[in-house]
Amino acid sequence: MDPRHSELFARLERFYDAVPRDAARGEEHGGLVLFVRDGAGWPFYARPRLDATAPPSLADVAAVRERQRELGLPEAFEWVHETTPDLLAVARAAGLGVLEAPLMVLDPAGLPDPATLTDVPVRVLDPDAPGFAADVAARRAVAAVGFAAAGTARGEAGPAERDAAVTELDVAALDEERARIADGRRLSVLAGTPTEGALASGMAMRVDDVAEIAGVATLPSARRRGLGAAVTATLARELLAAGTELVFLSAGSEDIARVYLRVGFRRIGTACIAEPTALI
């Protein structure tokens, strides 16, 4: 690990550990902690324990996977390679496939005005707006279609596929979304036009003065119009305006990382995401 980044990586570890804890309980399995959500919602993952005195072992990984299967959870693990370098070989020895994603931190001096990146309007979701529920549903539908065709290449899937992917949110999920936006823990944006509807979306999760931008997605038919960069820049500007000191993200590939370079992000390390090989 670069000594210049040691405190930065420590801040990221505290963030990763804190994000799930208001909606999940932590179960410790050796050098790992498995976050188990209380109630319905997106399932969490296992990560290295903040207070572990030794790196996670093969036995720790096996114990967590057994528990995940018992609970009906995805067998998912996440960590930062620079902080827990030994886990990469352990995960692969356990038969897991590992996505090594560029881990990038924002240099505020390099952040452009979103309006210079696209001519499509980008707006921040308002939890008090009458159309908030529809906006959240659209954001999730855009993400579902966008991530189903990963990468930056243009494709066929567009508004029709987005509309087919829209699902009605249950009251609890919508209330959770509204509460987290209202108290500053979450930020969501949509990019779109009156005729085409929502074309790109993204969100950010915030804990104190650290925030992660995630879920940035563009409908394949709307790619190469600067939408992903504009969504990311809008989220970053809003976070900085709210007093966030450290803004980071993980890019799904080197091609996607180049989009974030345009917005002022710089690579500092590698975020690892491990799942059973067939799912990678």
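Helices (H or I, at least four residues) and strands (E, at least two) in these notes are DSSP runs, numbered from the N terminus. I'm working on a predicted model, where local features need pLDDT of at least 70, side-chain atom pairs count only at pLDDT 80 or more, and totals for chains, interfaces and linings use all residues. Residues are numbered from 1 along each chain as its sequence is written, and side-chain values use heavy atoms, with hydrogens and water left out.

**Glycine 97**

I looked up glycine 97 and found it in strand S5, residues 96-106. Buried or exposed? Glycine 97 is buried, at a relative accessible area of 10%; the cut-offs are under 20% for buried, over 50% for exposed and partly exposed in between (1.4 Å probe, protein chains only). I also checked glycine 97 against serine 221: they sit 124 residues apart in sequence and 30 Å apart in space, C-alpha to C-alpha.

**Helix H4**

H4 covers residues 132-148, and I checked its length. The expected span is 1.5 Å times one less than the number of residues. For these 17 residues that should give 24 Å, and the end C-alpha atoms are 24 Å apart, so the two agree. Its buried residues include Phe132, Asp135, Arg139 and Gly146. What do the buried residues of H4 pack against? I get strands S6 (122-124), S7 (186-193), S8 (197-207) and S9 (210-218), plus helices H5 (159-165) and H6 (171-182), with contact meaning heavy atoms within 4.5 Å.

**Aromatic rings**

My rule here: rings of Phe, Tyr and Trp (its six-membered ring) pair if their centres lie within 6.5 Å, with planes under 30 degrees apart stacked, over 60 edge-to-face and the rest tilted. That gives six aromatic pairs. One of them is tyrosine 16 with phenylalanine 248, edge-to-face at 5.6 Å centre to centre and 80° between the planes. Tyrosine 16 is in helix H1 (residues 6-18) and phenylalanine 248 in strand S10 (residues 246-250), so this pair ties together parts 232 residues apart in sequence. Tyrosine 16 and phenylalanine 248 are both buried.

Phenylalanine 44 and tyrosine 45 also pair edge-to-face, at 6.0 Å and 85°. I find phenylalanine 44 buried at 12% relative accessibility, and tyrosine 45 buried with a relative accessible area of 12%.

Back at tyrosine 16, ring pairs link Phe15, Tyr16 and Phe248 into a cluster. The charged end of arginine 47 sits over the ring of tyrosine 16, 4.0 Å from its centre; the test is NZ of Lys or CZ of Arg within 6 Å of the ring centre and within 35 degrees of the ring normal.

**Cores**

I take a nonpolar core as a set of buried Ala, Val, Leu, Ile, Met, Phe, Trp, Tyr and Cys residues joined through side-chain atoms within 4.5 Å. The largest has 45 residues, and Ile213, Tyr260 and Phe265 have the most contacts inside it. Helix H7 (residues 227-241) gives the largest share of this core, eight residues. A second, separate core has 17 residues, among them Leu34, Val36, Leu88 and Leu96.

**Helix H8**

In H8 (residues 254-261) I find Ile256, Ala257 and Tyr260 buried. Down the axis of H8 they fall within an arc of 105°, so they line one face of the helix; the arc is that of the directions from the helix axis to the C-beta atoms. They pack against S5, S9, H7, S10 and strand S11 (265-276).

**Positive phi**

Aspartate 208 has a positive phi of about 55° although it is not a glycine. Aspartate 208 is in the loop between S8 and S9, exposed at 65% relative accessibility.
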